[in-house]
Amino acid sequence: MRGNPVELACPFCDKGIIQCWYIPGAWQEKRTGRSSLGKGKSISRSSDTWLIQSGCDVCGKSQEEVEKELRRRNII
């Protein structure tokens, strides 16, 4: 699996450690070959992916609560 393990501070108590995987987005190049318009290409990038692996052991927040709060704060 490509990606990197990351540890983030709990968004609720700032004391607990949240285990995550960060998978950066990939670049994709698409070529179009139409005889009447010539050759062209478009480049796009998929979005980054965060996989939250744990909740907080210190304050007791669940994995889902932690993920929702991290997304709300635009941390992930």
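# Salt bridges, burial and a sheet

Student: What makes Glu69 and Arg72 a salt bridge?

Tutor: Their closest N and O atoms are 2.7 Å apart in this predicted model. The cut-off is 4 Å between a side-chain nitrogen of Lys or Arg and a carboxyl oxygen of Asp or Glu. The value 2.7 Å is within 4 Å, so the pair counts as a salt bridge.

Student: Why can side chains pair like that at all?

Tutor: Side chains of opposite charge can pair when their charged atoms come close.

Student: Where do Glu69 and Arg72 lie?

Tutor: Both are in helix α1. They are three residues apart, about one turn of the helix.

Student: Which residues make up the network of salt bridges?

Tutor: Glu69, Arg72 and Arg73 are linked in it.

Student: Is Glu69 buried or exposed, and how do you know?

Tutor: Its relative accessibility is 11%. Buried means under 20%. Glu69 falls under that limit, so Glu69 is buried.

Student: And what about Arg72?

Tutor: Arg72 has 58% relative accessibility. Exposed means over 50%. Therefore Arg72 counts as exposed.

Student: Which residues does Glu69 touch, not counting residues up to four places away in sequence?

Tutor: Glu69 touches Pro11 and Phe12. A contact needs heavy atoms within 4.5 Å.

Student: How many salt bridges does the structure hold?

Tutor: Four. One of them joins Glu67 and Arg71.

Student: How do you know that Glu67 and Arg71 form one?

Tutor: Their closest N and O atoms are 3.0 Å apart. That is within the 4 Å cut-off, so the pair qualifies.

Student: What separates Glu67 and Arg71 along helix α1?

Tutor: About one helical turn, because they are four residues apart.

Student: Why are Glu67 and Arg71 called partly exposed?

Tutor: The class runs between under 20% and over 50%. Glu67 has a relative accessible area of 24%, and Arg71 has 39%. Both values fall in between, so both residues are partly exposed.

Student: What makes Asp48 and Arg45 a salt bridge?

Tutor: Here the closest N and O atoms are 3.1 Å apart. That is within 4 Å, so the label holds. Asp48 is partly exposed at 33% relative accessibility, and Arg45 is partly exposed at 40%.

Student: Now the fold. In what order do the elements run from the N terminus on?

Tutor: The order is β-β-β-β-β-α. That gives one helix and five strands.

Student: Which strands form the open sheet, and in what order?

Tutor: Three strands form it, in the order β1-β2-β5, with antiparallel pairing.

Student: Why do β1 and β5 stand at the edges?

Tutor: β1 (4–9) and β5 (49–52) each have a single partner strand, so one side of each has no neighbour in the sheet. From one strand to the next, the twist averages 35°.

Student: How do you know that β2 and β5 pair?

Tutor: Pairing takes at least two bridges. Strand β2 (residues 17–23) and β5 have four, so they pair, in the antiparallel sense. Trp21 has Leu51 in β5 as its bridge partner.

Student: What does helix α1 touch on the sheet?

Tutor: Helix α1 (residues 63–72) packs on the sheet and touches β1, β2 and β5. Its direction makes about 150° with that of β5.

Student: What share of the 76 residues is buried?

Tutor: Buried residues make up 22%.

Definitions and conventions:
Residues numbered from 1 in each chain as written. Predicted model: local features only at pLDDT ≥ 70, side-chain atom pairs only at ≥ 80, totals over all residues. Heavy atoms only, no water. Helix = DSSP H or I, 4+ residues; strand = E, 2+ residues; numbered from the N terminus. Axes fitted to C-alpha atoms, helices over the stretch in contact; angles between N-to-C directions. Buried < 20%, exposed > 50% of the residue type's maximum accessible area, 1.4 Å probe, protein only.
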